[in-house]
Amino acid sequence: MGKTIAEINERIKRGEAVVVTAEEVIGIVEEKGTAQAAREVDVVTTGTFGPMCSSGAFVNLGHAQPRMKIHRAWLNEVPVFCGIAAVDIYIGATEMAEHDPLNEVFPGEFRYGGGHLIEDLVAGKSVRLRATSYGTDCYPNRSWERDLTLADVKEAWLFNPRNAYQNYNVAVNLSDRVIYTYMGVLRPNLGNANYCSAGQLSPLLNDPLFRTIGIGTRIFLGGGVGYVVWHGTQHNTAVPRGPGGAPTRPAGTISVIGDLKGMNPRYLTGYSILGYGASLAVGIGIPIPVLDEEVIRAAAVRDEDLVAPVVDYSIDYPQGTGRVLGEVTYAQLKSGSIDLEGKEIPTAPLSSYSRAREIAETLKDWIARGRFLLGEPVELLPCEAREEGVV
Amino acid sequence: MVRHKVVLHFPHEQVDKPIVSKLVRDYNLDFNILKASITPREEGLLVLEITGEEADYDRGMEYIRGCGVSVQPLSQDIRRNEERCTHCGACLAVCPTDALSADRTTMEVRFDDEECVACELCVKVCPPRAMEIHY
């Protein structure tokens, strides 16, 4: 006998819903089994916090007087995309401020980019707008400069084309020189292995076949409330899977949106990645409604059961060879070292597990207090393994 | 025996004088150079780990200060901005002394300034730039 999201929402409204985090559900399922756990638990909360380059924000600046059709614009010297309507702009998280040396002095520091700009806006800081235009009959203004804060703009939405990657590569370096990647600094000759996933707490690894997450799923986004609006770019669910259905390669992704004005820089933090560029660390938490035993079995997945591929970032990744050096579990990665080719390699995360836990706890608290109801997906995200009943 | 990590700032008029070697010869102290640099304006910076008897160490530092060199404990110099640290762990890959290490239960990153040798590798690697230099 399954539950519906509407029934779970009724329980949330009455303050009766049983909400646990993706860490807590592991012990509950071990102790009580999936059938009883599925009856008792209503919602499992997940969380992740890590750099997500495919992020950005739409901002409507409001009209200048006289009016202006913005052709080029900069916020704190970061170029923003203006090819939309007159005063709508899009800030890309990885765009760099003008005059940044980039990688001319290698490895570049990338101290201020779109991600830092978004963090500053969310923190309520004043930023400098500079805009130019060619002038039209209806929009005669040709230049505009002003200081503004998030409170001064009409609308500001975080809108991220690809977030919360379902699993990811473990990056190593087989070459004999240090390399600077989006997976961090990789020392030569397998000197270290960097990974980036919250593993057993990570949203899409807890619903590996997208049985509950779809268009309209309400989520914790950047400290505020957001929504899943589509599958993310590079969404690829036709990948090898473990016995529990979780992908053993990078797989699904989600596209998300939310009101920037309700967010918090603690969960939306500008990152500078040495030798690579700027990015934005995004905090995402997704509630998983326990509709049936299958849902809770998948949500009870443990780091020991989740497998990630080890990939060489000196040749194989940049050249796109597709070669995988081996597979390791998140339990091994979190222990601080992995074994590969007979060598013990220290590991370092880029995804903050402690903040992922904080997000899952916060979302649990919101739901338990009745201030966050589950969104009913209007459509589930594409997933071959679910649609064809492979797993 | 005591072991101290100190940062010495040399004014430009002292940069060319053999001051530190006297610590070995006259004060019976051993030192290990962790970092040395001379800035364009010719002020010198030396980070040392000094080992010896406490009385020798105190006399040696008195001598150094007498030469117009300022002496600061190293632990004050590399600091973590707790507000900015997201506990991601990117620093763990580069820290040579395990001054930065992960608590495997909470997965929070600990910073032990006693173990820090001020190599500064973490400073540029830290994505939110939470590791700061305060020389």
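Me: What makes a residue of chain B count as buried, and what share of the chain do buried residues make up?

Reply: In this predicted model, a residue is called buried when its relative accessible area is under 20%, and buried residues make up 48% of the 135 residues in chain B.

Me: How do you know which contacts in chain B join residues 24 or more positions apart, and what percentage do they account for?

Reply: A pair is in contact when heavy atoms lie within 4.5 Å, and among the contacts in chain B with a separation of 6 or more, residues 24 or more positions apart account for 65%.

Me: Why is the pair Lys124(B) and Glu109(A) called a salt bridge?

Reply: The rule asks for a side-chain nitrogen of Lys or Arg within 4 Å of a carboxyl oxygen of Asp or Glu; the closest N and O atoms of Lys124(B) and Glu109(A) are 3.8 Å apart, and therefore the pair qualifies. The count between chain A and chain B is two salt bridges, and across the same interface there are 13 residue pairs in polar contact, both residues being at pLDDT 80 or more.

Me: Which residues make up the side of chain A that touches chain B, by class?

Reply: That side divides into ten nonpolar, ten polar and seven charged residues. In all, 27 residues of chain A are in contact with 21 residues of chain B, and the area buried between the two chains is about 1900 Å², with carbon and sulfur atoms giving 52% of it. On the side of chain A, Tyr271(A), Pro349(A) and Ser354(A) lose the most area to chain B, together 21% of what that side buries.

Me: What makes a set of residues a nonpolar core, and which members of the largest one touch the most others?

Reply: Members must be buried residues of the nonpolar kinds listed for a core, joined through side-chain atoms within 4.5 Å. The largest such core has 73 residues, of which Val44(A) and Tyr313(A) touch the most other members, while helix 8 of chain A gives the most to this core, with seven residues. Apart from it lies another core, of 52 residues, including Met52(A) and Leu75(A). In soluble globular proteins, nonpolar side chains tend to be buried together.

Me: Which residues does Tyr313(A) contact beyond its neighbours within four places in sequence?

Reply: Among them are Tyr168(A), Val172(A), Ile179(A), Met183(A), Leu186(A) and Pro318(A).

Conventions: Residues are numbered from 1 along each chain as its sequence is written. Chains are lettered from A and ligands numbered from 1 in the order in which they are written. This is a predicted model: local features need pLDDT of at least 70, side-chain atom pairs count only at pLDDT 80 or more; totals for chains, interfaces and linings use all residues. Side-chain values use heavy atoms; hydrogens and water are left out. Buried area is the accessible area (1.4 Å probe) that two parts lose on being put together, summed over both. A polar contact is a pair of N or O atoms within 3.5 Å; within protein, one must be able to donate a hydrogen and the other to accept it, and residues adjacent in sequence count only if both atoms are side-chain atoms. Ala, Val, Leu, Ile, Met, Phe, Trp, Tyr, Cys and Pro count as nonpolar, Asp, Glu, Lys and Arg as charged, and the others, Gly among them, as polar. Buried means under 20% relative accessible area, exposed over 50%, partly exposed in between (1.4 Å probe, protein chains only). Helices (H or I, at least four residues) and strands (E, at least two) are DSSP runs, numbered from the N terminus.
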